[in-house]
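The sequence and the structure are shown first, and the description follows.

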Amino acid sequence: MGVLRGRLVVLCLLIICHESVVLVCHGGITSSFVRQPEKTIDMPLNSDVFKVPHGYNAPQQVHITQGDHEGRAVIVSWVTPDEAGSRTVIYWRENSKYRFSAKGAVLRYKFYNYTSGYIHHCTVKNLEFDTKYYYLVGVGGTTRQFWFRTPPRVGPDVPYTFGLIGDLGQSYDSNRTLAHYETNPAKGQTVLYVGDLSYADNYPFHDNRRWDTWGRFMERSVAYQPWIWTAGNHEIDFLPENGETVPFKPFKRRYHVPYKASGSTAPFGIRSRELRHTSLYYHHILHMENTLLSLNGLKRSFQRLIGLKHHG
Ligand SMILES: *[C@@H]1O[C@H](CO)[C@@H](O)[C@H](O)[C@H]1NC(C)=O
Ligand SMILES: *[C@@H]1O[C@H](CO)[C@@H](O)[C@H](O)[C@H]1NC(C)=O
């Protein structure tokens, strides 16, 4: 469920799929699309949207999310399949010849008999507001280039458009949903994601290759604009009979949020100063109590509050 208050320009799209997500907002209805009620089939592993990029160790599953409290940082994440490769992101302002670089961290994880690729996370800081940046990953090997635009400085009457998406998965309908978001004339600038990402847990042993296919599928949007993540029940990935007893293991390793930058101690909680003194509070189902406790403090520091909550 999401609640949006205030005069935000909101692109309300796509409330979909397997479990119900309820939204209340003042953004209006921007599409007459209603998804077919029947359960849809997942796109097969050899689908075009899951294609591995060309080149040895080419970075794949590139995604960005907000990297700080006010919109001047971005966390760039990607996966290299063969070896760790460079941890560096090179980035520059549009029309500028100065190149900056930042170095991130790399990790791998195992889930039952699956071993992930090399998962990189690199925070790029001190960005200018309302500026287009290009960035490169895979430095020194197969490089790939993307871009994003930072949000304008916080202030009164600065419009900003959020997309709201949840329960996406990787079916043919997921692909249609993403295309609707991309082609919507309201042009979402950041997605607030309301939980349930890949649905890899629908597969035997939670086949984590389906986390990789989801990452490759989503790259066409999330490499170019931040998606801000809320975890749902499909991120729990709890499989004690196969020795997987740490909840949220794949999700936490793959999809980062700037919880430290926002003063939160919990990886599922971020506070974010968005535009027009909007704050976004993002939390996880298991952190409900902490969330409620800290809401009072938050309300004092922000004029707007957006809550996202996933009901499993
Ligand atoms: C993991 O185990 C399952 C069930 O035994 C098997 O079908 C699958 O091929 C295995 N995967 C790997 C990467 O070994
Ligand atoms: C997914 O959607 C894109 C964009 O509309 C399209 O090019 C692609 O062929 C689709 N793939 C599948 C498997 O539906």
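Predicted model: local features only at pLDDT ≥ 70, side-chain atom pairs only at ≥ 80, totals over all residues.

Strand E4, residues 60-66, runs antiparallel to strand E5, residues 74-80, and five bridges join the two. Glutamine 66 of this pairing stands opposite valine 74 in E5. E4 is mostly covered, since seven of its seven residues are buried.

Helix H1 spans residues 172-183, and its twelve residues reach 17 Å from the first C-alpha to the last, close to the 16 Å expected at 1.5 Å a residue. Which residues of H1 are buried? They are Asp173, Ser174, Thr177, Leu178 and Tyr181. These residues lie on the same side of H1 because they cover an arc of only 140° around the axis. An α-helix has 3.6 residues a turn, so residues three or four places apart point the same way.

Taken alone, ligand 2 exposes 360 Å², of which the protein buries 53%. Around ligand 1 the residues are Tyr112, Asn113 and Phe205. Ligand 1, taken alone, also exposes 360 Å², and the protein buries 31% of that area.

| Ligand | Side chain | Distance from ligand oxygen to N or O |
|---|---|---|
| Ligand 1 | Asparagine 113 | 2.3 Å |
| Ligand 2 | Aspartate 48 | 2.5 Å |
| Ligand 2 | Asparagine 175 | 2.3 Å |

The backbone of one loop also deserves a description. Most residues other than glycine have a negative phi. Aspartate 196, which is found in the loop between strand E15 (190-193) and helix H2 (209-222), has a phi near 70°, a positive value in a residue other than glycine. Tyrosine 199 has its place in the loop between E15 and H2 as well, and its phi, near 60°, is likewise positive in a residue other than glycine. Are these residues buried or exposed, given their relative accessibility? Aspartate 196 counts as buried because its relative accessibility is 0%, and tyrosine 199 is buried with a relative accessible area of 3%, where the cut-off for buried is under 20%.

How values were computed. Residues numbered from 1 in each chain as written. Chains lettered and ligands numbered in written order. Heavy atoms only, no water. Near = heavy atom within 4 Å. Polar contact = N/O pair within 3.5 Å; in protein donor to acceptor, adjacent residues only side chain to side chain. Areas by Shrake-Rupley, 256 points an atom, 1.4 Å probe, with all protein chains shown as cover. Helix = DSSP H or I, 4+ residues; strand = E, 2+ residues; numbered from the N terminus. Expected span 1.5 Å × (residues − 1). Buried < 20%, exposed > 50% of the residue type's maximum accessible area, 1.4 Å probe, protein only. Arc of directions from axis to C-beta. Pairing = 2+ DSSP bridges.
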